[in-house]
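Subject: Structure handover

Hi,

Here is the structure I promised to pass on. Please open it alongside this note; my findings follow below it.

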Amino acid sequence: MNDVNVLMVGVGGHGVILASDGMAEIGMNNGYDVKKTDSLGMAQRGGSVVSHVRWGKHVYSPMIEKGEVDFLLGFEQLEAARWASYLRPGGVAIVADVVVIPISAIDGKIPYPSWDEIKVTLAEYTDQIYLIPATRIAEEVGNPRAVNMVMLGFLSAFLALKPEAWTDTMRLRLPPKFRDSSIEAFIKGADEAKTMISVKGP
Amino acid sequence: MKQLLSGNEAIALGAYHAGVAVATAYPGTPSTEILQSIARMDGLYAEWAINEKVALEVGMGAAYGGVRTLVSMKHVGLNVAADPFFAVSTTGTIGGLVIVSCDDPGEHSSQGEQDNRHFAKIGKVPMLEPTDSQEAYDLMGWAFDISEEFDTPVLLRSTTRICHCKTVVNVNKERKSDLRQPGFQRSPAKYVMVPSNARVRRHAMEERIVKLRAYVEDFPLNEMVLADRKLGVISNGVAYQYAREVFKDASHLKLTTIYPIPANLIRRFAQEVDRLIVIEELDPFLEEEIRCLGIQVTGKDFIPIIGELNAEIVENAAVEAGILPAPSKPSLRPKSPAPQLPARRPQLCAGCPHVATEYVLRKLGFSGAGSGKELKKGEFIVTSDIGCYTLGVYPPLAALDTCACMGASIGQALGLEKAGVPNKAIAVLGDSTFMHSGITGLINVVYNQGNTTVIILDNGTTAMTGHQGHPGTGISVTGKKTQQVKLETLVEGIGIKDVTVVDAFDLKAIESTIKRCLDNDEPSVIIARGPCSLTVKTRGAPFEVDADECISCYDCLDLGCPAISLSEDKAVIDAGMCLGSACGVCAQVCPQEAISESRK
């Protein structure tokens, strides 16, 4: 049972908190000690949202130290770049194709970085960088808000738990209206990971 | 049964299982979810109080009535409730009374940072503090028992990182049922604090602390772990988790009884180790208490006194102080310097009803004097308050001059006027903040014949903390309809003759009303009414910019609306974010009339 440290970053309204809540509960239901914590407060009004999820035999600190993140889930590209330094060397960066341009980049002096620039920033810490078509997949399943489920699905492909270990908990948590489409988004995310890993190599 | 609970949920469940009968609070980050959670449970009374002072007074009455009572608030809420807090410490209680204070190290969502452990000492009240959700759950039972056994309110302190962190809780209790039935026992010597009675109670308070000092020595949730004796670490709260993570081999003493501290236990621990340190967030509270025992101890000479800690900060500080060897981890320093990334500041939402008023305030009152400059003639001062609208301090709105504490805007405006400052001051605060602490300030304006203009931004909710009810909403914590306190009736009753209700999205009406009130030499209240955009159920068709008409003047960007951005130098509106005709402020700003409802 290896320790797993996941940092989920994004902006308000993108389901970061729901995803990290779900991931923590899945860990608990599968025998891990878990802790999860968010940086929120005024962030819920358009600022960055950061969730730390830790699975382990015994977890002390709820927050992951810089350089200790196994998986960085960027629900938004700029936020992925902002938190790149939290990756451990060789950690995995999973970034959604979501761009939310902050006001400061519209009227300010620092422009929103291109994906190539973001990739360079991430590459300082790891060569395992995946930009995933999460928006497209979420639209395919008819649930545009399911980007977070695509992200979790993609992440699941790197971890030892079986897909049912994830989806069983999700079924209990998800509202009936979005249950099937969310699970489908999760499975498609996992499939996407398998395809991308086989192309890229593990 | 195992459950994943936030500290706040665990506090609520712990209180429920301890048999709490009355729960009251005013919302405030990071404490809000305690009352929200408990209000969903059956068999008890829960309420949003108008403010923390009233909450604690309600709590005091309920506890005098013999039932277990929970009062929760954020750290600065205890400042508001300080008067009843000291009072109930003096009288003691019959039913268990637990006051939860949620501190916010790092000021994630607060106007100040303060360490409320000092309240325990100055109020002569026992304080407990959990290190995770399990302890938050367990300590609630102990807190109520201690309260009743020692005739005292009990403070339970938590912090943001405990309140909002989810950890595994073994929920092993059921709701306690063998509790006292409500009833009041007449006892003027205990409850009527005239000096002759208060002097007697004063002795009871000191005797209580002496008994508690003995009691905490064997408190089961304090824990000593003896390992390597070279270093002993005493810690509390979430700092305990960082201490365990960083000082892996050391001996540890975890304290959940923060005041009074278990002196003999600490002495025993100190004797077991060569060097004793304290890892605690904010002030050197435990460190000083321990030093007063005559024990040599360090802590704040290397651990920061400001802000939240984390394992990295603790580790770096310990390495710097020579307590830990330098880490053998590979260097994490990137090859090239980190790129500059645009900041993502919190901002008012798309369709926010506060934007138009703050835009007008900026336009009328801020004609040039920058920071550090004296105001010019014709400019005015905007005293502001605690709420979402405080975000209007950031550009491009940048329309506020002050923000201090709940309700202060009105008193500040009157003070500026009475000091003889030539520029007029306008007080701006939200409906919930006005209810909380603005009413008394406004009465003071009327009584002292000020000519203050007060703008109440009435979005019909307590938005910043996540949409809680307050007396102006007429909706209770359980979502039921209750008697609504109408703002306009209230301010008229106070004696304000010039009361205007304006549509919060009508720029022209807001501007003309503010201008008129500025020329008025009697006090006035403007109620800018419009629903919080996050509560709007029916939004209109999104607005769009006619790119051919857009002259790239960027006036619309001055609203700071997150739905408006630029594409090829022309303004564009994000259809997913725009509330359309439910807002429509950008269309009123555009000099070219290039913005209108989408016809798609």
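Start with Lys124(B), which is partly exposed because its relative accessible area is 22%, and the cut-offs for that class are 20% and 50%. Please keep in mind that this is a predicted model. Lys124(B) sits in the loop between α6 (117–123) and β6 of chain B. Its phi is near 60°, a positive value in a residue other than glycine.

His467(B) is another such case. It is not a glycine, yet its phi is positive, about 70°. Look for His467(B) in the loop between β16 and α18 (487–494) of chain B. With a relative accessible area of 28%, His467(B) is partly exposed. As background, most residues other than glycine have a negative phi, and most peptide bonds are trans.

There are cis peptide bonds to check too. Tyr259(B) and Pro260(B) are joined by one, with omega about -10°. Pro260(B) lies in the loop between β12 and α12 of chain B. A cis bond also joins Pro395(B) to Pro396(B), with omega about 5°. Pro396(B) belongs to the loop between β14 (381–383) and α16 (408–419) of chain B.

The interface

Now the two chains together. On chain A, 49 residues are in contact with 51 residues of chain B. The chains bury about 4500 Å² between them, and 58% of that is on carbon and sulfur atoms.

Which elements of chain A supply at least two residues each to the side that touches chain B? They are α1 (16–29), β2 (33–39), β3 (48–56), α2 (77–82) and α3 (103–107). β2(A) gives the most, with 7 residues. By type, this side of chain A divides into 23 nonpolar, 11 polar and 15 charged residues.

β2(A) also pairs with a strand of the other chain. Its partner is β8 (residues 165–170) of chain B, in the antiparallel sense, over 3 bridges. Within that pairing, Lys35(A) has Thr167(B) as its bridge partner.

Salt bridges

Over all chains, the whole structure holds 38 salt bridges. Side chains of opposite charge can pair when their charged atoms come close. A few are worth a look.

- Lys36(A) and Asp38(A): their side chains meet at 2.7 Å, N to O. Lys36(A) counts as buried, at 0% relative accessibility. Asp38(A) also counts as buried, at 10%.
- Glu148(B) and Arg68(B): their side chains meet at 2.9 Å, N to O. This pair links distant parts of the chain, 80 residues apart. Glu148(B) is in helix α7 (residues 133–150), while Arg68(B) is in the loop between α3 (52–64) and β4 (69–74) of chain B. Glu148(B) is partly exposed at 26% relative accessibility, whereas Arg68(B) is buried at 4%.
- Glu272(B) and Arg229(B): their side chains meet at 2.4 Å, N to O. Here helix α12 (residues 263–272) is linked to strand β10 (residues 228–235) of chain B, with the two residues 43 apart. Glu272(B) is partly exposed, with a relative accessible area of 35%. Arg229(B) is partly exposed, at 36%.

There is also a network of salt bridges in chain B. Asp103(B), Asp115(B), Arg117(B), Glu129(B), Arg157(B) and Glu280(B) are linked in it.

The sheet in chain B

Chain B has an open sheet of 7 strands with mixed pairing, in the order β3-β2-β4-β5-β7-β6-β12. β3 (45–48) and β12 (257–259) stand at the edges and have a single partner strand each, so one side of each lacks a neighbour in the sheet. Inside the order, β6 (residues 127–128) and β7 (residues 154–159) pair in the parallel sense over 2 bridges. Met127(B) has Leu155(B) in β7(B) as its bridge partner.

One last residue

Asn448(B) is in the loop between α17 (431–447) and β16 (453–458) of chain B. It is partly exposed, at 31% relative accessibility. Beyond its neighbours within four places in sequence, Asn448(B) is in contact with Leu414(B) and Lys418(B).

Best wishes

Terms used
Residues are numbered from 1 along each chain as its sequence is written. Chains are lettered from A and ligands numbered from 1 in the order in which they are written. Side-chain values use heavy atoms; hydrogens and water are left out. Contact means heavy atoms within 4.5 Å. Buried area is the accessible area (1.4 Å probe) that two parts lose on being put together, summed over both. Helices (H or I, at least four residues) and strands (E, at least two) are DSSP runs, numbered from the N terminus. Ala, Val, Leu, Ile, Met, Phe, Trp, Tyr, Cys and Pro count as nonpolar, Asp, Glu, Lys and Arg as charged, and the others, Gly among them, as polar. Two strands pair if DSSP finds at least two bridges between them. A salt bridge is a side-chain nitrogen of Lys or Arg within 4 Å of a carboxyl oxygen of Asp or Glu. Buried means under 20% relative accessible area, exposed over 50%, partly exposed in between (1.4 Å probe, protein chains only).
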